Amino acid sequence: MTAPKKKILLLPGDGIGPEVTGATRKIIDWFQRAGRTAFEITEDLVGGISYDQHGAPVTSAALARAKEADAVLLACVGGPKWDTLPFKDRPERGLLAIRKEMGLFANLRPAVVFDVLAGASTLKAEVVKGLDIMIVRELLGGVYFGEPRGIETLPNGERRGINTQVYTSSEIQRVARVAFELARKRRKKVGSVEKANVMESGVLWREEVTKLHASDYGDVELVHMYADNCAMQLVRNPKQFDVIVTDNLFGDLLSDLASMLTGSLGMLPSASLGPKEASGRQAALYEPIHGSAPDIAGKGIANPLAMILSYAMMLRYSFNLSADADLLEKAVHNVLSAGMRTADIVEKGQSAVSTWVMGDAVVSELARLAV
Ligand code: IPM
Ligand code: MG
């Protein structure tokens, strides 16, 4: 009897999502045809498109499918069309519900500068060349999910908006552990980021990370930093960082900031992971860092590489297929080195190719490398 096929759920979402998913699908199909993978692949809806078709940004059936999958690959959600909906119906809620239901507490957001793209950064090339940072963002706590929350009307007629920043020691420790483990496989340095000078939750964050470091990770260097200082340091001298671990909201901000150091939001993948179960199974969702880019949706010019590289991350982290992940990353590097660019990363003297052509180029390069 052969083992049951591993299940992948694809969620193309909104905006440029379907296009970049289409290009990524070519890569996934190449691995299937080459007999390197044998996944069972299904697709479902999330975001505005799900709201349009089913009246909810994610259906319970799609949620169930996501939980059942061995890994989920999501493109992006959102767009101006749905911006005026009540919170509960917005595309982003679909993504947040998936994170919550799948228990994805650790969001890994690498900011890596590809040598051939160092010129594309708005920072001086020498500041960013060789940059390789990993931001570990807590994804299930803090102000994103804290209660109480809402908008209320006070007796005097004033309105008040409320969100709550809240963390427990175990929530802090489990994400810090992920950061320390990753650092061990990298340059052994963790920067823990909060606002302990203003927020109690930040004080607790600092204390818990310090405790865990002392008990289990003495071999890793730990520095604490306030979030505002971290933002400044990321622009001043980003190469001082190896792994950064921070809360949900600061992680949201700092990862956007860090991604732009690389000059190419369209290049960066991410992984969101749940707890490792005793069986070794671990809930995982992979997605590009970029959003749905409604301004260019449907034009066929979006860069599919962030999603393609998210698929490489999936091969590596969820399925232990490091050789295949390496192969795919190498194919992407080679295509870029050959001067092929989508519009977002095009440099002087180059002409931009479409989403499809980029996908095809990666497939051809895979086929060439694999022989
Ligand atoms: C992200 C996005 C999401 C977030 C939105 C779409 C809900 O900005 O993944 O960084 O704020 O977490
Ligand atoms: Mg964000």
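The entries below cover the ligand site, then the cavity search.

I note that this is a predicted model, in which local features need pLDDT of at least 70, side-chain atom pairs count only at pLDDT 80 or more, and totals for chains, interfaces and linings use all residues. Residues are numbered from 1 along each chain as written, ligands are numbered from 1 in written order, and side-chain values use heavy atoms, without hydrogens or water.

**Ligand site.** I looked up the residues with a heavy atom within 4 Å of ligand 1 and found E92, R99, R109, R137, Y144 and D252. By class, I count five charged residues, one nonpolar (a class that includes Tyr) and no polar. Domain 1 (1-119 + 262-371) and domain 2 (132-259) each supply at least three residues to this shell; the bounds come from an automatic or database assignment.

**Polar contacts.** I took N or O pairs within 3.5 Å. The Y144 side chain places an N or O atom 2.5 Å from a ligand 1 oxygen. For R137, a polar side-chain atom is 2.8 Å from an oxygen of ligand 1, and for D252 the distance is 2.8 Å. Alone, ligand 1 exposes 320 Å² (Shrake-Rupley, 1.4 Å probe), of which the protein buries 76%.

**Cavity.** I searched the whole structure on a 1 Å grid for points where a 1.4 Å probe fits but cannot get out. One cavity of 30 Å³ or more was found. I record about 50 Å³ for the largest cavity, whose lining (an atom within 4 Å of a point) includes Y167, W205 and F250.

Note on methods. A polar contact is a pair of N or O atoms within 3.5 Å; within protein, one must be able to donate a hydrogen and the other to accept it, and residues adjacent in sequence count only if both atoms are side-chain atoms. On a 1 Å grid over the protein atoms alone, a cavity is a set of points where a 1.4 Å probe fits but cannot get out, and a pocket is an open set with protein on both sides within 12 Å along at least five of seven lines; lining residues have an atom within 4 Å of a point. Grid points are joined across faces, edges and corners, and a volume is the space filled by probe spheres set on the points.
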